[in-house]
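Dear colleague,

Here is the structure I said I would pass on. My notes follow below it.

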Amino acid sequence: MKTWLIPLACVSLTVSLCALAEDAPAPAPAGQGVRAACAADFQKFCSDVQPGGGRIRACIAGHKDDLTPACRDALQQARAHRPAAGGAQTPPAPPPPKPQ
């Protein structure tokens with residue numbers, strides 16, 4: 001008689017999780033906050049910089065003391081959420097033991 005409780009609980013849990021997922025806001029694309037916060041700064045200091053090769057980043061970094069507080073805050077938040085340099089990689093697996 002109780003064999004139907006586990007499948008019913010699984011279905012209920014799945015439906016609840018699906019409902020929660022539909023209500024969750026979509027994540028903002030990476031860098032959107034920085035672009036919006038720094039648009040005026042970019043136009044003021046770096047509008048003549050050709051994109052690519054890190055040139056825009058270098059230009060903004062060169063004007064870090066002149067940036068608006070909103071742009072500085074957005075850049076600081078973006079740095080805090082960026083993965084560490086080199087990425088968090090797991091070490092390679094050890095080689096299999098040699099047959100004797």
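Asp41 sits in helix α2. Neighbours within four places in sequence aside, Asp41 is in contact with Cys46, Asp66, Leu67, Thr68 and Cys71 (heavy atoms within 4.5 Å).

This is a predicted model: local features need pLDDT of at least 70, side-chain atom pairs count only at pLDDT 80 or more, and totals for chains, interfaces and linings use all residues. Residues are numbered from 1 along each chain as its sequence is written, and side-chain values use heavy atoms, with hydrogens and water left out.

The protein has four helices and zero strands (DSSP runs, H or I of at least four residues for helices, E of at least two for strands, numbered from the N terminus). Of its 100 residues, 11% count as buried.

The largest pocket is lined by 23 residues. A pocket is an open set of points on a 1 Å grid over the protein atoms alone, where a 1.4 Å probe fits, with protein on both sides within 12 Å along at least five of seven lines; lining residues have an atom within 4 Å of a point. Val34, Ile56, Arg57, Ile60 and Leu75 lie nearest its centre. Helices α2 (32-45), α3 (55-62) and α4 (69-81) each supply at least two lining residues.

Regards

Note on methods:
Buried < 20%, exposed > 50% of the residue type's maximum accessible area, 1.4 Å probe, protein only.
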